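Subject: Structure handover

Hello,

Here is the structure I said I would pass on.

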Amino acid sequence: AVVDSERLRKEVTRLEVALAAKEAKEKDLAAKMEALGKEETDRKGLVAERDSAKAVHDALTLRVDHLSVELRKARMLAAAEEFYIDRRLVANILVSYFHGNKAGTAEILKLLCSILGMEPAQASTLAKGARALTQPRGWGLLSVPSLVSVPVAGWETITEAEIGQDWVQFLLDEAEGHAGEDQAAPPPDE
């Protein structure tokens, strides 16, 4: 009976050691399962972030493509000949406004506004400024003469036909002026 109890104690000790090993292994597996669950959650979060970043990237790519198309359209529109304005032409019109047979007239201002494609509000502001230039300014009992002494007609009285006629006349005058300059200029040395 002593041998049997000794053998049973050894068997119980061995089983307790085996049980402790199994419990340690179970705890280890539980920790690994928890880590895998955490990794799975992290992976799902990373996948969601990646998908979100991809959606933002795709939206930005579409926006850049759209803006590139709009930029190309704007460049083509700006390059269209109908939007070109010769600086010399505008300079000559301004000179005509301040000096010439139609100096100070609203016709030239209306022509300039038409060429530059000004809005009605801008043209109205320009007309008000022109009227201010033609009105004498008082200083004490003396009156200071204006820069331009020709009165400005109202914008409503000018028609497109008049603008067209004046434009043609202006171009003819300029062409004659340049033709006279070309004839008076000596030939270039070669």
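The notes below go from the whole chain to single pairs of side chains.

This is a predicted model, in which local features need pLDDT of at least 70 and side-chain atom pairs count only at pLDDT 80 or more, while totals for chains, interfaces and linings use all residues. Residues are numbered from 1 along each chain as its sequence is written, and side-chain values use heavy atoms, leaving out hydrogens and water.

Overall picture

The protein chain has 5 helices and 2 strands (DSSP runs numbered from the N terminus: H or I of at least four residues for helices, E of at least two for strands). Read from the N terminus, the order is α-α-α-α-β-β-α. Of the 190 residues, 14% are buried (buried is under 20% relative accessible area, exposed is over 50%, partly exposed is in between, with a 1.4 Å probe and protein chains only).

Helix α2

Helix α2 covers residues 87–98. Its 12 residues reach 17 Å from first C-alpha to last, close to the 16 Å expected at 1.5 Å a residue (the expected span is 1.5 Å times one less than the number of residues). Which residues of α2 are buried? They are L89, V90, I93, S96 and Y97. Seen down the helix axis, the buried residues of α2 fall within an arc of 120°, so they line one face (the arc is taken from the directions from the axis to the C-beta atoms). R87 and R88, on the other side of α2, are exposed.

The aromatic pair

The whole structure holds 1 aromatic pair (ring centres of Phe, Tyr or Trp, the last by its six-membered ring, within 6.5 Å; planes under 30 degrees apart are stacked, over 60 edge-to-face, the rest tilted). W167 and F170 form this pair, stacked at 5.9 Å centre to centre with 25° between the planes. Both lie in helix α5 (residues 160–184), 3 residues and about one helical turn apart. W167 is partly exposed at 23% relative accessibility, whereas F170 is buried at 12%.

Salt bridges

There are 8 salt bridges (a side-chain nitrogen of Lys or Arg within 4 Å of a carboxyl oxygen of Asp or Glu). One of them joins E6 and R9 at 3.8 Å, N to O. E6 is partly exposed at 38%, and R9 is exposed at 51%. Another links R14 with E11, their closest N and O atoms being 2.2 Å apart. R14 and E11 sit 3 residues apart in helix α1.

Regards
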